[in-house]
Amino acid sequence: MRVTVFGCGYVGLVTGACLSELGHDVECIDIDADKVATLQSGIVPFYEPGIDTLLQNKNLSFSTTATAPDLCIIAVGTPLAENGSADLSQVFGVADLIAAMEKPPKAVVMKSTVPPGTSAKIAAQTGLETISNPEFLRQGSAVQDFMQPDRLVIGASSPRGFALMEQLYAPLNLPAERIVNTSTTSAELTKYAANVFLTTKLAFVNELALYCETVGADIDEVTKGIGLDTRIGNQFLQAGPGIGGSCFPKDIRALAFQSKALDHQLEIVQAVIASNDTHQNAMLQKIVDMCGGMVTGKRIAIFGVTFKANTDDLRNSVSTVFIPALQDLGAKITATDPMGAENGKTVFTGVDWVENPYEAAKNADVVVILTEWDLFKALDLARLAQAMHVPRLVDLRNIFDVQKAVQAGFDYDSIGRAGSIKG
Ligand code: UDX
């Protein structure tokens with residue numbers, strides 16, 4: 001099939017590149033001519049394992065203007081507007097372009113995450129069948145998630161629409177039970193529902209972790225205990241500094257906004273947002289507490305600024321909350337991140353960047369683990385402790401064993417685990 005993907009951001013590029021790998025003729029369109037030129041020269045403007053090799057596919061091209069495809073896929077951003085709603089201006093802008101095409105495509109496919117009901121509006125605007133086909137790609141494993149998806153969710157309004165999508169994804173050879181055919185509105189809500197469910201799980205684990213500290217339990221033991229229940233499952237149970245990334249924080253707020261606007265408030269969604277805010281504050285307080293209650297004049301070494309490991313993305317990373325907050329309180333920041341430093345330099349001011357974690361720990365009053373990079377997990381704790389005048393470690397990913405950290409000489413705090421020695 002000839003496919004045009006509008007939007008060369010994260011979702012658009014992964015989608016376009018993977019569809020070309022499946023054998024389709026794909027052109028990826030972006031209004032940013034510089035980005036298009038970069039992609040044409042084979043350079044991926046962000047870090048994502050496996051995507052660079054796909055860019056060499058001969059049946060994949062990049063342009064600022066579309067030709068005449070069979071399918072148009074909308075994969076532009078839906079950022080949060082100031083009022084908390086999903087800003088759909090880019091989506092509707094692309095729909096205008098499609099509506100004006102001399103030779104209209106057979107259908108429009110909505111990949112962007114949009115509030116339930118949007119695809120129906122795009123259908124009305126373009127006069128074309130609009131299919132909702134949400135993505136469930138995780139940064140860091142997006143190519144694999146595309147090629148071996150848990151499921152495909154397809155929302156269409158006619159057998160022809162479902163048949164087109166069947167043709168598009170046929171090379172994946174997915175068993176029928178992993179394909180969910182629905183209405184467009186159900187497909188749109190499925191995307192939000194998945195993200196809200198996962199964030200609910202995470203917010204619950206983070207709350208539970210702090211409750212463990214109150215009652216003297218251990219979160220890693222508790223999550224192992226509940227995770228073996230197949231109804232609960234053992235994934236997405238790792239306590240952390242708070243929920244970040246380009247999707248979760250944005251999507252839960254957009255759904256909260258829509259539900260409020262429709263006078264049908266989703267209480268759990270509101271609770272997740274509030275719980276995550278409270279949790280982040282509690283995590284920030286852990287850093288302050290480790291510094292003896294005041295960070296003024298203290299040097300804090302931040303290990304990891306990306307919102308999770310295996311990405312260079314800082315969008316809605318807790319680092320973007322913690323670093324400015326600590327600076328406002330008078331702290332000096334050293335930061336180290338194997339992939340995020342380049343983006344970090346454009347996001348933060350007044351941060352000293354160091355490549356080597358041991359170097360970053362030198363002269364620091366406290367080391368704070370914010371991202372679970374393997375590089376940090378492999379650190380020699382004794383060597384790290386030796387680099388510091390007074391070894392203090394706040395591990396907000398629970399990557400170290402409590403006893404080993406304490407044995408290495410650290411005042412050590414993590415999340416929801418017994419045996420920590422706090423500063
Ligand atoms: C997410 C969804 O997983 C994906 O399906 C959707 O398409 C886009 O949003 P992503 O943003 O790449 O993907 O990140 P994910 O791996 O889901 O992690 C999101 C946040 O949760 C990160 O801040 C991460 O550190 C945190 N997290 C995740 C935890 O704190 N603990 C966990 O056990 C899992």
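How much area is buried between domain 1 and domain 2, and what share of that area do carbon and sulfur atoms give? Before I answer, let me say that what you see above is a predicted model, and that the protein is divided into domain 1, residues 2–182, and domain 2, residues 183–423. The area buried between these two domains comes to about 2,400 Å², and carbon and sulfur atoms give 60% of that area. On the side of domain 1, Tyr 47, Pro 116 and Gln 139 supply 30% of the area buried against domain 2, which is more than any other three residues.

Let me put that beside the overall arrangement. The centres of domain 1 and domain 2, taken over C-alpha atoms, are separated by 31 Å, and the contact takes 33 residues from domain 1 and 27 residues from domain 2.

Turning to the polar side of the interface, the count between the two domains is 12 residue pairs in polar contact, with both residues at pLDDT 80 or more, and the count of salt bridges between domain 1 and domain 2 is 1. In the model, Lys 191 forms a salt bridge with Glu 135, with the closest N and O atoms 3.1 Å apart. As for the elements involved, helix H5 (118–126), strand S6 (130–132) and strand S7 (152–155) each supply at least two residues of the side of domain 1 that touches domain 2, and by class that side has 16 nonpolar, 14 polar and 3 charged residues.

Finally, the ligand. It is surrounded by 19 residues, of which the closest are Gln 139, Gln 238, Gly 244, Lys 308 and Arg 397. Lys 308 places a polar side-chain atom 2.9 Å from an oxygen atom of the ligand, whereas Leu 137 has a backbone N or O atom 3.0 Å from a ligand oxygen, and a polar backbone atom of Phe 136 lies 3.3 Å from an oxygen atom of the ligand.

How values were computed. Residues numbered from 1 in each chain as written. Predicted model: local features only at pLDDT ≥ 70, side-chain atom pairs only at ≥ 80, totals over all residues. Heavy atoms only, no water. Domains from an automatic or database assignment. Contact = heavy atoms within 4.5 Å. Buried area = accessible area lost by both parts, 1.4 Å probe. Salt bridge = Lys/Arg side-chain N within 4 Å of Asp/Glu carboxyl O. Polar contact = N/O pair within 3.5 Å; in protein donor to acceptor, adjacent residues only side chain to side chain. Helix = DSSP H or I, 4+ residues; strand = E, 2+ residues; numbered from the N terminus. Nonpolar A, V, L, I, M, F, W, Y, C, P; charged D, E, K, R; others polar. Near = heavy atom within 4 Å.
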